[in-house]
Amino acid sequence: MTKLKSIVSLLVLIMLTSGSIAAAPPYATVELTVELPDVTLIDQDSQLVKLRDLVEGQDVVMVDFIFGTCTTICPILSAGFSNLQRRMGSGPGGPTLISISIDPEHDGPEVMTEYLKRYRAQPGWSFLTGDRDDIDLIMRAFDAYVPNKMSHQPVTYIKMGDSDRWVKIDGLVSTADLIAELEKIQGGES
């Protein structure tokens, strides 16, 4: 019986690695319209930032929702942004990266600054917080509202150009996946 189980396991492994059985994609994408609320937030440098002003006029904008003490999906999302900055550059010409705190009661500028240092963030990556009502408005606008930070999902949003159309990436993605999705959007394939 053990020999039979070994053979079956080997056959399943061969089929999986040869592509005979299609694996589920690690993430899903969907297009959505986001009407950004007219809110003023605070960035990691204690500067007031109008969210619309930060997004509008940028060629590529990517947004995620994280919090400074998260030990599950936030570090993975942030590592993705960090790697993306290293691969694509930061500042003019690179994507504008925006991480929005879903724990504004605890994520002040000092926490956000330390968090970004941990991921070697470069200029062009902003970590924003604000009052609870404004954060909830933003999460609802992106269809990412969660009443409890512990129930948030790994989502990343990409916007190209001056449209209000965004691509929502639902799931954990690698840097290569992020770049592939950017290339699809630039090619009009979303």
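A residue counts as buried when its relative accessible area is under 20%, and by that cut-off 44% of the 190 residues of the chain are buried. The model described here is a predicted one, and its secondary structure comes to 6 helices and 8 strands. Read from the N terminus, these elements follow the order α-β-β-β-α-β-α-β-α-β-α-β-β-α. Among contacts between residues at least 6 apart in sequence, 73% join residues that are at least 24 apart.

**Nonpolar core**

- The largest nonpolar core has 52 residues, and those with the most contacts inside it are Met62, Val63, Phe65, Phe142 and Tyr157.
- Strand S4, which spans residues 60–66, gives the most to this core, contributing 6 residues.
- Once its neighbours within four places in sequence are left aside, Phe65 is in contact with Leu77, Ile100, Ile102, Ile138, Met139, Phe142, Ala144, His152, Val155 and Tyr157.

**Aromatic rings**

- A search of the whole structure finds 7 aromatic pairs, one of which is formed by Phe81 and Trp125 in an edge-to-face arrangement, with 5.6 Å from centre to centre and 75° between the planes.
- Because Phe81 lies in helix H3 and Trp125 in strand S6 (residues 125–129), this pair ties together parts of the chain that are 44 residues apart in sequence.
- Both partners of the pair fall under the 20% cut-off for burial: Phe81 counts as buried at 1% relative accessibility, and Trp125 counts as buried at 2%.
- Ring pairs also link Phe65, Phe142, Tyr157 and Trp166 into a cluster, and Phe65, Phe142 and Tyr157 are among the residues with the most contacts inside the largest nonpolar core.

**Packing of helices H3 and H6**

- Helix H3 (residues 73–88) packs with helix H6 (residues 175–186) at an angle of about 65°, the two axes being 9 Å apart, and the crossing of H3 and H6 is right-handed.
- On the H3 side the residues that meet the other helix are Gly80, Asn83, Leu84, Arg87 and Met88, while H6 brings Thr175, Ala176, Leu178, Ile179 and Leu182.
- By residue class, this contact of H3 with H6 divides into 6 nonpolar, 3 polar and 1 charged.

**Thr156, a buried strand residue**

- Thr156 has its place in strand S7, which covers residues 155–160, and it counts as buried because its relative accessibility is 2%, a value to be read against the cut-off of under 20%.
- Not counting residues up to four places away in sequence, Thr156 touches Met62, Val63, Leu77, Phe81, Val167, Lys168, Ile169 and Leu178.
- Within that list, Phe81 is also the partner of Trp125 in the edge-to-face pair, Leu178 also belongs to the H6 residues that meet H3, and Met62 and Val63 are also among the residues with the most contacts inside the largest nonpolar core.

**Leu48, an exposed strand residue**

- Leu48 lies in strand S3, which runs over residues 48–50, and it counts as exposed because its relative accessibility is 67%, where exposed means over 50%.
- Leu48 touches Thr40, Leu41 and Ile42, when residues up to four places away in sequence are not counted.
- The C-alpha atoms of Leu48 and Gly130 are separated by 9.4 Å, although these two residues are 82 residues apart along the chain.

Key. Residues are numbered from 1 along each chain as its sequence is written. This is a predicted model: local features need pLDDT of at least 70, side-chain atom pairs count only at pLDDT 80 or more; totals for chains, interfaces and linings use all residues. Side-chain values use heavy atoms; hydrogens and water are left out. Axes are lines fitted to C-alpha atoms, for helices over the stretch in contact, and angles run from 0 to 180 degrees between N-to-C directions. Helices (H or I, at least four residues) and strands (E, at least two) are DSSP runs, numbered from the N terminus. A crossing is left-handed if the near helix is turned anticlockwise from the far one by less than a right angle, and right-handed if clockwise. Contact means heavy atoms within 4.5 Å. Ala, Val, Leu, Ile, Met, Phe, Trp, Tyr, Cys and Pro count as nonpolar, Asp, Glu, Lys and Arg as charged, and the others, Gly among them, as polar. A nonpolar core is a set of buried Ala, Val, Leu, Ile, Met, Phe, Trp, Tyr and Cys residues joined through side-chain atoms within 4.5 Å. Buried means under 20% relative accessible area, exposed over 50%, partly exposed in between (1.4 Å probe, protein chains only). Rings of Phe, Tyr and Trp (its six-membered ring) pair if their centres lie within 6.5 Å; planes under 30 degrees apart count as stacked, over 60 as edge-to-face and the rest as tilted.
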